[in-house]
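Open your viewer and get ready to click along.

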Amino acid sequence: MEQIPIRLLCRLNAPSVVPPGYIQQCKSYRDAVKLCWSLRRIKNMTQARLAEEAGLYAPHVTNYLRDGKRQRDLPGHAIRPMEWICGNTAISQWIATQARLTVVEEMQALKAA
């Protein structure tokens with residue numbers, strides 16, 4: 001009889017909004033990705049587990065989160081899964097900041113969270 005694997009990660013609630021002060025410290029897209037990872041809800045989650053849950057290639061995840069010669073940018077299609085797994089919207093907030101959203105739009109996002 002074949003067993004069915006059960007994922008025991010935990011219940012994932014919607015990602016929470018990161019305080020704007022953290023987002024302002026990000027100088028690049030890579031910084032926003034690394035901030036998202038550093039603020040993850042499940043602190044003992046490995047990069048391999050992130051890759052598995054987000055449907056990413058594990059060796060590439062290491063390159064998304066490091067600086068140096070062998071770095072890659074997180075692809076756009078992976079932003080939402082990464083934010084849901086990490087439990088915060090740091091990447092989307094950084095992108096919105098770069099798009100120069102108004103203070104009113106930012107306050108609405110904070111209120112919605």
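What you're looking at is a predicted model, where local features need pLDDT of at least 70, side-chain atom pairs count only at pLDDT 80 or more, and totals for chains, interfaces and linings use all residues. Numbering starts from 1 along each chain as its sequence is written, and side-chain values use heavy atoms, with hydrogens and water left out.

Now switch to cartoon. You'll find seven helices and zero strands (DSSP runs numbered from the N terminus: H or I of at least four residues for helices, E of at least two for strands).

Next, select Leu-50, Leu-56, Leu-74, Met-82 and Ile-91, the residues with the most contacts inside the largest nonpolar core, which has 27 residues. Such a core is a set of buried Ala, Val, Leu, Ile, Met, Phe, Trp, Tyr and Cys residues joined through side-chain atoms within 4.5 Å. Buried means under 20% relative accessible area, exposed over 50%, partly exposed in between, with a 1.4 Å probe and protein chains only.

Zoom in on Leu-56: leaving aside neighbours within four places in sequence, its contacts (heavy atoms within 4.5 Å) are Ala-51, Val-61, Tyr-64, Leu-74, His-77 and Ala-78.

Last stop: Glu-83, in helix H5. Is Glu-83 buried or exposed? It counts as buried, because its relative accessibility is 6%.
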